[in-house]
Amino acid sequence: MFRWTKRYAALIVFIPAIMALPGGAAPEPSDSQARLEKVVAQVGDTKITIGDIEERLGKHMRPGMFEDQQKLTELVDAMVDRELLVMEARTRGLDKNKRVVGHEKRILYNQIQTKYVADEMPLTSIAMDEIEKYYEEHFEEYNQPTLVRAYHIVVADEAEAKTLFDQVKAEGMDLRKFKVLAGEKSQDPETKKRGGDLRYFNAEGKVWTAEEVVPLELATAAFKVEILVRASLIVTDDQEAAREALGKCMMPGLTDAQYRKLAAKYNKPELGLGGDTPLFDLDGLFEGVDGKLATDLTRAAFSLREAQTTYPKVLPVDGKYYVLRVIERKDPGNLYPEVVKTSQGFHVLWVVNRRPSVEKTVQEMEPSIRQRIWQDKKKDFMTKLIADLKAKYKVEVNEKSLDKVKIDLSGQAAPSAAPATPGQPPVPVAPVAAPPPPAAP
């Protein structure tokens, strides 16, 4: 009884306003500003409006649960409790606490870099011709052919190359060991430093991230090492349902049988592509059947190296939401099955990864490019703003006082020995004395 009296001494609850919320008797039009400003509860001078409640609901993971009137009332109670505690904290002067003030400064610092900048320079201020220019300047970033990444060991003698090939094949070599062997035996000075890494290259041998070219014979061989994948897709038009399905599909130790049960529960086959796909290649083309898998789904499937693995994100494609699981992977192996001859010599070739082609139009990339340009302009905007503020407010920095700053390094790990100069022994570091033993009781 005491709690009721104490709590509601400063509180007025407006029942008609609560009834206007979801689940109430007579909701008003959702776009009515008067409806959003209607007071549901008041704690001292602070008002909790329908707009405040709907904003809170918009951030909740399961807003549908508040269609239950009891749950909605409990939410309002929780918001009231919070205001009461904040009010009491201010009464006790806790808002002047150094940590609280510091936190407030961080919020204000972030706000002026987000809301203020967004108001002064909104995303819509980025013109379409700027976006098109950026797209053209970064065309290769948004449009890539199929790429392969491979490592190699190249020697001048064919017999030596065949010996190395037999060694790699016989030892059950993994990539780490192959890189070590390339560093020891390969005669190409550039790739040898990278453990034989040829980087990503296209079918013509053009390296995608550098001004380098892989011999055409080597590129052709690498592209012959083809992987085929079969995937199982859960497709739905409900993003929340897709996220829920993904969460369950990512459970550790999920078996293929357990996945099948989840797929049967969440999949909506009437939406089209769902269930098991035929085998498909790096470009998404199905084996033995007409059709092609969407590029985003293909890329996700080929990013997974093992069967019975679920891609860790919901994939939005054409207004639908997909959960993808690789159920079969046909890979003939990483090692190309014979030595490859080029003008550089004889190569042992190890293929490590493939990337499907990417084709993105300027219209598809508009939101992303707009955001990138805005971020670049934001830096210039903030630089000018700070310069203007320095002229507006008095700023003084006494650098001589920095000499008096004490830096506590007691919690820092002891430094390791300084690196030795060639021909000189390493500089020893003085050991830290152990603390004395505790006194006997």
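**View 1. Aromatic cluster of Y135, F139 and Y142 in the predicted model.** Y135, F139 and Y142 belong to one aromatic cluster. The model is predicted: local features need pLDDT of at least 70, side-chain atom pairs count only at pLDDT 80 or more, and totals for chains, interfaces and linings use all residues. Residues are numbered from 1 along each chain as its sequence is written, and side-chain values use heavy atoms, with hydrogens and water left out.

**View 2. Aromatic pair Y116 and F381.** Seven aromatic pairs occur in the structure (ring centres of Phe, Tyr or Trp, the last by its six-membered ring, within 6.5 Å; planes under 30 degrees apart are stacked, over 60 edge-to-face, the rest tilted). Y116 and F381 make a tilted pair, 6.1 Å centre to centre with 55 degrees between the planes. Y116 is in helix α6 (residues 98–120) and F381 in helix α16 (residues 362–392), so the pair ties together parts 265 residues apart in sequence. Helices are DSSP runs of H or I, at least four residues, numbered from the N terminus. Y116 is partly exposed at 32% relative accessibility, and F381 is partly exposed at 22% (buried is under 20% relative accessible area, exposed over 50%, partly exposed in between; 1.4 Å probe, protein chains only).

**View 3. Aromatic pair Y135 and F139.** The pair of Y135 and F139 is edge-to-face, with 5.8 Å centre to centre and 85 degrees between the planes. Y135 counts as buried at 8% relative accessibility, whereas F139 is partly exposed at 39%.

**View 4. R355 and the ring of Y200.** The charged end of R355 sits over the ring of Y200, 3.9 Å from the ring centre (NZ of Lys or CZ of Arg within 6 Å of the centre and within 35 degrees of the ring normal).

How values were computed. Helices (H or I, at least four residues) and strands (E, at least two) are DSSP runs, numbered from the N terminus.
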